[in-house]
Amino acid sequence: ALAKGIDVNVFAYEGAVNLAFSEQAPHANPVKGTSVEEEDHPTTKNFVTALLEMGKSEPLLTWVNCGLCVDERGAGSAVSGVKRGGPPDFLRMAQESTNTLVMATR
């Protein structure tokens, strides 16, 4: 959507707040005997950071993590650009948007 010039709002809740957790680290694979470099695992924090960079100007990306979910999961350290919010932010984002997609946790 960003690549097509569409503003995007993300309200991450439940486990999705960990997508932007800044302390993620790639890992080696001891089962295969490969190093961190050989595995070259991407982290979702890098994906979120790239999207936030892409959405710094027009089109805009707003990423809000549910603060209740963050606290519950100990995911308080997020990458730069992620805001902390709550259910009222989700409601406001939905009301101000043309379309809303909710990915349920169940």
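Visitor: If I skip the neighbours within four places in sequence, which residues is Arg84 in contact with?

Guide: Contact means heavy atoms within 4.5 Å of each other. With those close-in-sequence neighbours set aside, Arg84 is in contact with Val64, Asn65, Gly67, Val70 and Asp71. Before we go on, you're looking at a predicted model, in which local features need pLDDT of at least 70 and side-chain atom pairs count only at pLDDT 80 or more, while totals for chains, interfaces and linings use all residues. Residues are numbered from 1 along each chain as its sequence is written, and side-chain values use heavy atoms, with hydrogens and water left out.

Visitor: What does the side chain of Arg84 make a polar contact with?

Guide: A polar contact is a pair of N or O atoms within 3.5 Å; within protein, one must be able to donate a hydrogen and the other to accept it, and residues adjacent in sequence count only if both atoms are side-chain atoms. Here the side chain of Arg84 pairs up with the side chain of Asp71 at 2.7 Å. Look at Gly67 too: its backbone oxygen lies 3.3 Å from a polar atom of the Arg84 side chain.

Visitor: And is Arg84 buried or exposed?

Guide: Buried means under 20% relative accessible area, exposed means over 50%, and partly exposed is in between (1.4 Å probe, protein chains only). Arg84 has 53%, so it counts as exposed. Here's another thing to find on the model: Arg84 and Tyr13 are 71 residues apart in sequence, yet their C-alpha atoms are 11 Å apart in space.

Visitor: How many helices and strands does the protein have?

Guide: Helices (H or I, at least four residues) and strands (E, at least two) are DSSP runs, numbered from the N terminus. You'll find four helices and three strands. Along the sequence they follow the pattern β-α-α-β-α-β-α. Our friend Arg84 belongs to β3, which covers residues 82-85.

Visitor: What is the order of the three strands in the sheet?

Guide: Strands of a sheet pair through backbone hydrogen bonds, either parallel or antiparallel. DSSP has to find at least two bridges between two strands for them to count as paired. This open sheet has the order β1-β2-β3, with parallel pairing. β1 (8-12) and β3 stand at the edges with a single partner strand each, so one side of each has no neighbour in the sheet. From one strand to the next, the twist averages 25 degrees.

Visitor: Over how many bridges do β1 and β2 pair?

Guide: β1 and β2 (residues 61-66) pair over five bridges. To trace this on the model, find Val8, which stands opposite Leu61 in β2, and then Phe11, which faces Val64.

Visitor: Why is β2 largely enclosed by the rest of the structure?

Guide: Because five of its six residues are buried.

Visitor: Which strands does helix α4 lie across?

Guide: Directions here come from axes, which are lines fitted to C-alpha atoms (for helices, over the stretch in contact), and angles run from 0 to 180 degrees between N-to-C directions. Helix α4 (residues 87-96) lies across β1, β2 and β3, at about 155 degrees to β1.

Visitor: Which residues touch the most other members of the largest nonpolar core?

Guide: A nonpolar core is a set of buried Ala, Val, Leu, Ile, Met, Phe, Trp, Tyr and Cys residues joined through side-chain atoms within 4.5 Å. The largest one has 18 residues, and Val17, Ala20, Val48, Leu52, Trp63, Val79 and Val82 touch the most other members. β1, α2, β2 and α3 (67-73) each supply at least two residues, and β2 gives the most, with four. Take Val79: beyond its neighbours within four places in sequence, it is in contact with Ala20, Ser22, Lys45, Val48, Thr49 and Leu52.

Visitor: How many disulfides does a search of the whole structure find?

Guide: A disulfide is a pair of cysteine sulfur atoms within 2.5 Å, and the search finds zero. The closest cysteine sulfur to that of Cys66 is in Cys69, 3.2 Å away, which is too far for a bond. Cys66 is buried at 5% relative accessible area, and Cys69 counts as buried at 8%.
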